[in-house]
Every structure is written in structure tokens, then in C-alpha cells.
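This note is intended for a colleague who is meeting the structure for the first time. Please read the numbered points with the sequence and the model at hand.

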Amino acid sequence: MRLAVALPRPWITVTPQPHNECVKPADLTESEQLLWKAFRGGEWVDLGSGAAGPPVIRAGVIAALLLGVAAAEPGGTAGIRLRGATVTGCLDLTAGSVAWPLVCDGCQFDTEIRFVDSTLRTVCILNSELPALDGTRLRLNGILDMTGSQVAGTVRLQQARVDGQLRLRGIFVGVAGTGAVAVLARGLSVDGEADCSGMEARGLVSFEGAAVAGTLNLAGAQILCPGERGLDLNHTTIGGTLASRGLAVDGGTRANNCRISVELFMRGARLDNPGGIAFLAGGLDVAGGAFLDQGFSARGEVMLIGARLAANLSVRKSTFDNPGGTAVTLERAIIGSLNAQGISCRGQMMMAGADVSGDVDLAGAVLETGDGKPALNAERSRIGSTLVLTNVKAVGEVNLRIIRVGGRLLLDGAELRDPFGMACRLSRAQVTADLFCVHMAAEGEVKLTGATIGAKVLLRGSVFTHRAGVAIHAGSLRAQEFLLEADVRIEGGVDFRHATIGVLHDDPATWPDRLYLDGLTYQALGPRLSADRRLGWLARDPGGHQPQPYEQLAAHYTAIGQPAQARTVLYAKERIQQKGKGPVSKAWSLLQDITVGYGYRPRRALGWLALLLIAGSIVFSVAPPPALQAGNAPHFNGVIYTLDLMLPVVNLGQKYSFNPGGAEQWLSYVLIAAGWTLATTVATGVARVLRRG
């Protein structure tokens with residue numbers, strides 16, 4: 001059957017097709033006739049004024065024209081360009097092939113538009129209203145533009161291919177409700193840009209597995225899908241930038257294994273999914289910078305586990321809010337540099353195992369957990385350059401255990417408070433350069449056990465408080481220089497056991513009550529204090545008096561040319577060790593102390609010798625003993641006789657020639673015993689000193 005319609009131009013005959021066989025030329029309304037006529041030259045038909053009668057166009061007429069019911073004018077380009085019309089019926093181009101553009105501006109469609117498996121040129125549905133659009137497996141060469149339109153249902157573009165541009169700019173799509181889907185574009189391929197800026201969606205917007213050769217623009221988009229997945233970019237490949245400045249998603253956002261060739265730009269975006277995951281982007285791969293900053297906020301967890309951000313990640317002045325849980329996770333992420341200046345984080349910030357080749361800057365960050373979990377957990381992470389934690393305010397542990405820092409670690413002005421006891425954990429950390437903690441305040445333990453600091457540890461003007469335990473635990477620490485100059489007296493213990501330090505500098509005014517020094521070794525000690533002052537330093541060890549700290553201090557005084565101070569320290573060590581000995585050993589030790597000061601007070605022996613010599617000389621001079629053999633005895637001399645009695649082994653020819661009796665005899669026994677005792681103790685003390693030397 002052939003169809004014919006009266007038009008101003010000659011008759012046109014076409015072979016009927018399934019899409020247009022119901023279109024009878026005789027039944028065309030005045031508006032449809034106007035459209036039919038304009039189609040051949042691709043001219044605009046504006047029905048908004050109503051001058052051409054009721055602005056109603058049947059969808060079948062549009063389909064028939066697009067599918068070839070009328071040919072283009074010779075030398076011209078056909079196409080539908082319609083404004084202000086009401087389109088009734090289903091515009092169905094399923095499996096059809098269209099060579100002409102379709103442009104509808106300000107139109108109303110009462111039935112879903114269907115482009116399933118169709119091949120189209122440019123399609124523009126602008127500022128229009130429609131129930132839904134199904135473009136599943138659509139193939140379109142040109143532009144698919146729905147700018148400013150309102151879609152009551154779903155825009156479906158699964159497995160569609162657009163060789164040009166996709167524009168959903170300012171579109172209002174979807175109806176709020178459980179499980180609602182606004183845009184379903186899984187597997188979509190766009191050989192150009194996809195512009196969804198200003199879109200308002202009620203329901204899921206999914207670009208899962210999509211490939212966009214250019215920029216995917218979601219700037220200013222608003223997606224409302226509370227408690228459910230709102231935006232899905234899983235496995236999406238973007239050849240340009242993911243531009244989403246000011247994006248607002250009420251629901252979860254997913255970008256697992258998403259690949260972005262240029263930048264991720266989410267400045268000022270707002271992602272809300274309280275109590276759930278606000279942004280899940282495990283394995284995210286961004287070749288350029290990632291900017292979640294300058295007003296970016298997330299309620300719910302932000303997870304970038306294993307993300308690869310080759311350039312930089314900026315979360316500067318952003319807000320992450322997930323109290324009682326993890327606020328932001330960068331575990332095992334690979335990042336060029338991290339700028340987190342001034343962020344606010346309620347919930348844990350996790351960076352365990354992260355690998356950052358440049359700087360990590362959290363200056364001025366506010367980190368708070370309040371549930372006993374670490375506020376910042378960067379355990380086993382690697383930072384190629386400087387780690388900046390200046391002016392950080394943290395409520396909860398700052399865990400930097402086994403971290404590796406290629407430059408400096410700066411904690412200047414930081415306020416670290418952990419009601420559960422651990423303010424900062426740097427156990428077994430490796431810092432290539434300096435650790436600076438100037439004007440830092442720490443409430444809880446600062447743990448440096450086993451850490452290696454390549455240059456200087458500077459704790460100057462800081463306040464350390466941990467009354468119930470150790471305030472600074474630096475056991476087995478290795479550092480070139482350690483300056484402990486707190487602002488006020490340290491409240492809590494300081495533990496340097498088995499630490500190895502090149503230069504140790506402290507401030508006597510802020511020494512803590514408890515100071516653990518056993519095993520500590522140092523090359524230099526400042527400021528230079530007398531041995532008596534430093535002995536007060538050693539006496540603060542609550543673990544008892546160990547010999548090593550005294551020997552180390554004595555070696556220090558010897559090295560700087562103060563042997564007298566060294567002897568004072570070693571003498572104090574011997575006196576302290578005496579307290580733990582048995583009765584016999586203690587008596588012998590006490591005798592050595594009284595007589596020669598354990599060999600470190602040799603003048604005492606001379607004093608005792610002089611005293612006994614004077615006493616004996618006086619007694620024996622007043623009451624000389626009788627000679628053993630009258631006539632054969634030498635001339636008696638009280639001084640020489642007393643000296644001969646006191647000196648063991650030596651014979652001055654007096655003591656064997658005279659025989660005292662009575663009280664003088666007992667005095668001679670005392671002098672002989674005192675001589676042997678003094679000689680033995682002197683020999684013992686000298687031997688001990690020689691061994692120390």
C-alpha cells in the first residue's frame with residue numbers, strides 16, 4: 001500500500017515501515033503538516049505561540065520523518081527542529097537507523113522516548129519534559145543533549161555509544177524513592193565530553209564501567225538518594241578530568257578502580273552518607289592531581305584504599321565527619337604528595353601502609369576520635385620528604401609506628417591529647433633528618449622506643465604530661481643529637497634506657513622526678529654541670545642505681561678533661577653499690593670507703609697514716625719500749641719506730657729491736673693492723689682505678 005498526503009509541494013510517496021505505517025497524510029494536523037514541510041529543509045518549527053493551531057505533534061509523525069518517509073530537499077539537509085510542542089504517544093526508534101538530527105526545545109512528551117538499539121545522528125531534547133528515555137545500546141554520531149530537561153523517570157544509556165558529546169547539563173531527572181534510578185549509563189562510551197553539570201537527580205546516577213574520552217563534568221550536580229548508592233563511577237575510565245566542583249550527593253558515592261587521565265576535581269563538593277560510606281574509591285587511579293579541598297565535606301567514611309594518585313592529593317581545609325568510626329582512609333595508597341592543611345576530621349584518619357613520594361602536610365589539622373582509637377594512624381607508611389604536623393590538634397593517639405620519613409618530621413606547636421595514655425607513638429620510626437617538637441603540648445605518652453633519627457631531636461619549649469606513667473619513652477632511641485628543654489617541669493617519667501645519642505642536652509630546671517638512664521650512651525652532655533649536679537640527675541632513676549649510668553657519666557667527664565669530676569662520680573657509684581651487699585662485704589666496703597674512698601680518695605689514706613704516725617710517735621716518745629737485747633739495740637726514735645710498725649714488709653731496723661709492754665704493746669698491734677689494712681685497701685682501690693682506666 002502506498003501513502004500520499006497533500007502538501008504545498010508535490011506528492012511524496014513512501015513505502016510503509018513498522019514505525020510509520022499508522023501515519024496517514026490525510027490525517028496530519030496543521031502543526032504536523034508544518035513540521036512535515038519544515039523537515040525537508042531542516043527548518044525550525046516553533047509551536048509555542050499557538051499560531052499554527054494546537055501545539056500537538058504525534059510521536060509517530062516524528063518517527064516516520066526521521067526514518068525516511070520524506071526526503072531532504074535537493075542540496076539541503078533534513079532534520080526535526082521543533083520548539084514548544086506537545087508530543088503524544090511513544091517516540092520509538094528501536095533498532096532504527098536515522099540519518100537526520102532531532103532537536104526538540106521546550107517540548108512535552110507524554111510517553112517514554114525509546115532509542116533502544118537505534119543508530120542516530122545528533123539528538124537534542126532541550127528544556128523539555130518527558131517521562132523517561134531509554135537509549136540502551138544506542139549508537140549516536142554527534143551530540144546527545146538533554147540540557148535543562150525534566151525527566152520524571154530514568155534516563156537509560158547502558159552500553160550506548162556516543163561519538164561526540166553527551167550533555168545532561170541542568171537536567172532534573174528521577175523520582176525520589178527506595179531503589180530509584182535516575183541515570184543508568186553502565187558501559188556507556190562517549191568519544192568526547194560528558195557534561196552533567198548542574199544536574200538534579202532523584203535516585204542513582206550510574207556510570208559504572210563507562211568510558212569517557214574527555215572530561216566528565218558533574219560540577220554543581222545534586223544527587224538525592226539517602227541511605228543508598230547515589231553516584232556510581234566504579235570501573236569508569238575518564239580520558240580527561242572528573243570535574244565535580246560543588247557536587248552534592250546525599251547517599252553513597254562509589255569510584256572503585258576508576259581511572260582518570262588528567263585530574264580529579266571535587267573542590268567544594270559535599271558527600272553525605274551519615275553512618276555509612278560517603279566515598280568509596282579503592283584502587284582509584286588518577287594521573288594528575290586530586291583535589292578534594294576548599295570546602296569539600298563528607299559525612300560518612302571516605303575510603304581511598306590502594307588508590308594511585310601519581311601527582312598530589314589535596315584535602316586542604318576539608319571536613320571529614322564520621323564520629324565513632326573511620327573518617328578518611330588512605331591505607332596502602334600511592335600518592336605523589338598530600339596537602340591536608342587545616343582539615344577537620346571527626347573520626348580516625350587512616351594512612352597505614354601509605355606510600356607518599358613527596359611531602360605530607362597536615363599543618364593546622366584538627367583530628368578527633370574520642371573513642372580510644374588513634375586519631376591518626378600512619379603506621380608503616382613511607383614518606384619521601386617532610387612530614388608536617390605543625391599546630392595539629394589531636395584528641396586520640398597519633399600513631400606513627402614504624403613510619404619512614406625521608407626528610408624532617410615537624411610537630412612544632414602541636415597539641416596532642418589522649419585520655420587513654422598514648423599521645424604520640426613513634427616506635428621504630430626512621431626519620432632521615434630532624435624531629436622538631438618546638439612548643440608542643442603532649443598529654444599522654446610520647447613513645448620513641450627503637451626510633452632512628454638521622455640528625456636532631458629537638459624538644460624545646462614543650463609541655464609533657466603523663467602523671468600516671470612515662471611522659472617521654474625514648475628507650476633504644478638512636479639520634480645524633482637530643483635536646484630536651486621543656487617549657488615547664490616534665491610531669492611523668494622520661495625513659496632513655498639503652499638509647500644511643502651523640503649529644504644529649506637537657507635543662508636541670510625541668511628534670512622529671514623519674515628518669516630512667518640505664519644503658520644510655522652519649523658522646524657529649526650539656527650543659528656542663530658539676531658532678532654533684534649530675535649525680536642528682538642519676539639519682540632520679542626509680543629502678544635502682546645501676547652502675548652503667550655512673551660509668552658513662554664518668555667517661556664523659558674524663559673525655560672533656562675533668563678527671564676529678566669523673567672520680568667523684570665513680571666514688572658515688574661505689575657508695576651506692578655498698579647498700580646492696582651482705583654484712584661482711586658491706587663492712588669491708590665501708591672500711592675501704594673510710595680509709596681510701598675506694599681508691600678515689602687517696603688523701604684519706606695519707607691522713608690516716610699521718611694521724612696514726614703522730615699518735616704513735618707521741619706515745620712511744622713519752623714511754624719508749626725497752627730493748628730486746630740491751631747494748632745491741634739501735635738508738636730509739638719514736639717516729640721511725642711508729643713508721644716501721646705501720647709499714648708492712650719494709651724493715652727500718654726499729655720494730656724488731658724493741659719490745660713494748662702493757663698499753664704500748666696493744667698500741668703497737670693496732671698500728672701493725674692499721675698498716676696492713678691501709679696497704680690492702682690502697683692496693684685494692686688502685687687496682688680498681690686501673691681497671692676502670
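Two residues are in contact when heavy atoms of theirs lie within 4.5 Å.

1. Overall picture. The model is a predicted one. Residues 24 or more positions apart account for 47% of the contacts in the protein with a separation of 6 or more. The protein holds nine helices and 58 strands. Of its 693 residues, 53% count as buried.

2. Confidence. The average pLDDT of the protein is 87, and 88% of the residues score at least 70. Residues 1-17 should be read with this in mind: pLDDT stays under 50 over that stretch, for which the model has 33 contacts beyond four places in sequence.

3. Salt bridges in general. How many salt bridges does the protein have? The count comes to 26. Among the residues involved, Glu 112, Arg 114 and Asp 134 are linked in a network of salt bridges. Three further pairs are taken up in the points that follow.

4. Arg 167 and Asp 145. These two residues form a salt bridge in which the closest N and O atoms are 3.5 Å apart. Arg 167 belongs to strand β15 (residues 161-167) and Asp 145 to strand β12 (residues 139-145), so the pair ties together parts that are 22 residues apart in sequence.

5. Arg 186 and Glu 208. A salt bridge joins Arg 186 to Glu 208, with 3.3 Å between the closest N and O atoms. The pair links distant parts of the chain, 22 residues apart: Arg 186 is in the loop between β17 (181-184) and β18 (189-190), and Glu 208 in the loop between β21 (204-206) and β22 (211-212). Arg 186 counts as partly exposed at 35% relative accessibility, and Glu 208 counts as partly exposed at 27%.

6. Arg 534 and Asp 506. The side chains of Arg 534 and Asp 506 meet in a salt bridge of 3.2 Å, N to O. Since Arg 534 lies in helix α3 (residues 531-538) and Asp 506 in strand β56 (residues 500-506), the pair ties together parts that are 28 residues apart in sequence. Are these two residues buried or exposed? Both Arg 534 and Asp 506 are buried.

7. Ala 531, Arg 534, Leu 535, Trp 537 and Leu 538 are buried in α3. They lie on the same side of α3, because they cover an arc of only 150° around the axis. Pro 527 is found in the loop between β58 (521-526) and α3. The peptide bond from Gly 526 to Pro 527 is cis, with omega near -5°.

8. Backbone angles worth checking. Most residues other than glycine have a negative phi, and most peptide bonds are trans. Asp 117 has a positive phi, near 60°, and lies in the loop between β7 (113-114) and β8 (119-120). Asp 117 counts as partly exposed because its relative accessibility is 35%. Phi of Arg 428 is likewise positive, near 60°. Arg 428 has its place in the loop between β48 (415-425) and β49 (430-431), and is partly exposed with a relative accessible area of 46%.

9. Glu 397. This residue sits in the loop between β44 (393-395) and β45 (398-399). Is Glu 397 buried or exposed? Glu 397 is buried, because its relative accessible area is 11% and the limit for that class is under 20%. Leaving aside neighbours within four places in sequence, Glu 397 is in contact with Lys 373, Pro 374, Ala 375, Leu 376, Asp 418, Met 422, Ala 423 and Arg 425.

10. A nonpolar surface patch. Which residues form a nonpolar patch on the surface? They are Val 639, Ile 640, Val 650 and Leu 652, which together have about 270 Å² of accessible area. Val 650 is placed in the loop between α8 (638-646) and α9 (663-692). With 38% relative accessibility, Val 650 counts as partly exposed.

Key. Residues are numbered from 1 along each chain as its sequence is written. This is a predicted model: local features need pLDDT of at least 70, side-chain atom pairs count only at pLDDT 80 or more; totals for chains, interfaces and linings use all residues. Side-chain values use heavy atoms; hydrogens and water are left out. Patches are made of residues with over 30% relative accessible area and no salt bridge: like charges are joined within 9 Å, nonpolar side chains (Val, Leu, Ile, Met, Phe, Trp, Tyr) within 5 Å. Accessible areas come from the Shrake-Rupley method with a 1.4 Å probe; for residues, only the protein chains shown count as cover. A salt bridge is a side-chain nitrogen of Lys or Arg within 4 Å of a carboxyl oxygen of Asp or Glu. Helices (H or I, at least four residues) and strands (E, at least two) are DSSP runs, numbered from the N terminus. Buried means under 20% relative accessible area, exposed over 50%, partly exposed in between (1.4 Å probe, protein chains only). The arc is that of the directions from the helix axis to the C-beta atoms. pLDDT is the predictor's confidence in each residue, from 0 to 100.
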